[in-house]
Amino acid sequence: MLTKQSEDFSKWYNDVVLKAGMADYSPVKGCMIIKPYGYAVWENIQKAMDIKIKELGAENAYFPLFVPERFFKKEAEHVGGFNPQVAWVTHGGGKKLEEKLAVRPTSETIMYDVFKNWIQSYRDLPLKINQWANIVRWEMRTRLFLRTMEFLWQEGHTAHATEKEADEMAQAALKMYRDFAEEYLAIYSIPGKKTDAEKFAGANYTLTFEALMKDGKALQMGTSHQLGQNFSKSFGIEFLDEKGKKNNVWQTSWGISTRMIGAIIMAHGDDKGLVLPPKITQYQIVIIPISFDAKVKSFVSKIEKILKDKKIRFLVDNKEQSPGWKFNEWELKGAPLRLEIGPKEAKENRITYVLRDELKKNSISLKQFNPEKLLDEMQKRLFVKSKKFTEDNTNEAKSYDEFKKILKEKGGFIKAHWCGDAKCEKKIQDETKATIRCIPFGKNKIGKCIKCGKEGKEVLFAKAY
RNA sequence: CGGGCUGUGGUGUAAUGGCAGCACGAGUCCUUUGGGAGGAUUUAGUCCGAGUUCGAGUCUCGGCAGCCCGACCA
């Protein structure tokens, strides 16, 4: 039996990840094994997002896993931020290496060292490179999908002639991510800017989109950084502009990771298990034959043919378990649409179906059965639900007492004013464990900082993963 | 890196210092199959090392590993 979400959300999460066959613990501490059912979700994310990345004008490439120490050290703030999390290779071929190699925690440095060769003129700009890769960050405490020492991600890196272009690129990448989360993952998110304390090491500023999980904690879904000329100055990435003047490029980098899978699980899952959005799940439809006699078999193949023609991803579960066992199993695994096909259906040319988010039995004639519509509607329902959940769990705090009360009683996002001082930010975090998730875009009312009373913007607080 | 806890079949658990047991899983066979089927049968375990003891899963010491809390974590 699955742990209830309300009893122990962490335990529910671990249970569901393991029991649904998404992932497994590995013999290597802090690392995970992504099992086929989970990896299929990643593949679907990759497939869809890769198209969007290319629409932004980026091309895929692949850079080395190892980063020589001298590259890594070039951008001071970057090293300072990442050093504690880097794994170093010190030996190779049985010998101690002359120069240590960092296992990439991110690829800015290894990429930008060659960007300086690729970029000479304004004609070489903008340069937009994306890579799908694994990276390693030595984390103290790990959680399946949410924070592992090795994880899979996508990192986009661009170089531009002007600051304005870099600003626009950082925004475009964030918008692309957020649209993706809405369209494919059915997750509503709040976009905004990170505070200086939370920005990427080496960036001018970091943009983020934050989503609310079912336990009321926030999850950073992905980030987009405007790197200014910080790296281009350290790495000497210069170009001659139209007037023959030498300039440093303006850069951005942006990424999302397998953490997205954790977000899907925690944003949609319920006490029965996973609820996977149709667009990214391995099997959009699971057919469960109630018996295996000839009539049922031939009716099932008829349905199979229809689904195949419609290019729907489906599975016929022919395992030996009882139908009841399979119903539960596929609810746990979060298959969006389940078809129950037995002698009754075969005889009457009807289909019994159950949508994962509604769990009601429906009966419809084969002629009227419209799986695309059902899946599409479910996909949309999940997003609406996600948006409503976020709105219902977003509260405003006028005072620090109110802030603490909301945090304790409800959790969720809390809108409150902040003066902009990192000291207040730190104090609030130390005292309440809530952090500023982002400074939301758009009109921003000015009000009194909940900590010190000075005037400041309205920002979004939450306890976060 | 500090504080606490725990290591028993594949998994989850039980056993005053005294025959290592149960459930799930897995294998085989039979009967079943419309919400986690039943029976028969088989399978497999005390983290590693030392000590105390007639006797150690249990006590002591060391090692290793894991979990929780803290610190840390774009």
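## Strand pairing around E9

E9 and strand E10 (residues 205–212) pair in the antiparallel sense over four bridges; strands count as paired if DSSP finds at least two bridges between them. Helices (H or I, at least four residues) and strands (E, at least two) are DSSP runs, numbered from the N terminus. The model is a predicted one, in which local features need pLDDT of at least 70, side-chain atom pairs count only at pLDDT 80 or more, and totals for chains, interfaces and linings use all residues. Residues are numbered from 1 along each chain as its sequence is written, while chains are lettered from A and ligands numbered from 1 in the order in which they are written.

A residue is buried if 20 or more other C-beta atoms lie within 10 Å of its own, exposed if 12 or fewer, and partly exposed in between, with C-beta atoms placed from the backbone.

## Strand pairing around E7

Strand E7 has two recorded partners here. Strand E3 (residues 59–60) runs parallel to E7 and is joined to it by two bridges, with Asn60 bridged to Asn130 of E7. E7 and strand E8 (residues 150–160) pair in the antiparallel sense over 10 bridges, and Val136 stands opposite Glu150 in E8.

## Overall form of chain A

Chain A contains 14 helices and 24 strands. Its radius of gyration is 25 Å, close to the 23 Å that the globule rule gives for 465 residues, so chain A is as compact as a globular protein of that length. The radius is taken over C-alpha atoms, and the globule rule is 2.2 Å times the number of residues to the power 0.38. Along the principal axes, the C-alpha atoms fill a box of roughly 80 × 55 × 50 Å.

Buried residues make up 41% of the 465 residues in chain A. Among contacts between residues at least 6 apart in sequence, 68% join residues at least 24 apart; a contact requires C-beta atoms, placed from the backbone, within 7 Å.

In soluble globular proteins, nonpolar side chains tend to be buried together. The largest nonpolar core in this model has 108 residues, of which Val17, Tyr177, Leu185, Met221, Ala263 and Ile287 touch the most other members. Helix H6 (residues 163–183) gives the most to this core, with nine residues. Such a core is a set of buried Ala, Val, Leu, Ile, Met, Phe, Trp, Tyr and Cys residues joined through C-beta atoms within 7 Å.

Leaving aside residues up to four places away in sequence, Met221 touches Tyr177, Ala181, Ser189, Phe209, Glu210, Ala211, Ile256, Met260 and Ala263.

## The surface near RNA strand B

There are 32 residues around RNA strand B, and Lys29, Gly81, Ala201, Gly324 and Gly342 come nearest. A residue is near the strand if its C-beta atom, placed from the backbone, lies within 6 Å of it. Helix H4 (76–82), strand E11 (218–228), helix H10 (323–332), helix H11 (343–348) and strand E18 (350–355) each supply at least two residues of this surface. The largest share, eight residues, comes from H10.

By class, the surface has 12 nonpolar, nine polar and 11 charged residues. Here Ala, Val, Leu, Ile, Met, Phe, Trp, Tyr, Cys and Pro count as nonpolar, Asp, Glu, Lys and Arg as charged, and the others, Gly among them, as polar.

## Backbone exceptions

Most residues other than glycine have a negative phi, and most peptide bonds are trans. The peptide bond from Leu125 to Pro126 is cis, with omega near -5°; Pro126 is placed in the loop between helix H5 (108–118) and strand E7 (127–136).

Ala186 has a positive phi of about 55° and lies in the loop between H6 and strand E9 (190–193). Ala186 is buried, with 27 other C-beta atoms within 10 Å. Lys433, in the loop between helix H14 (422–432) and strand E22 (435–440), has a positive phi of about 70°. Lys433 is exposed, with 11 other C-beta atoms within 10 Å.

Definitions and conventions:
Contact = placed C-beta atoms within 7 Å.
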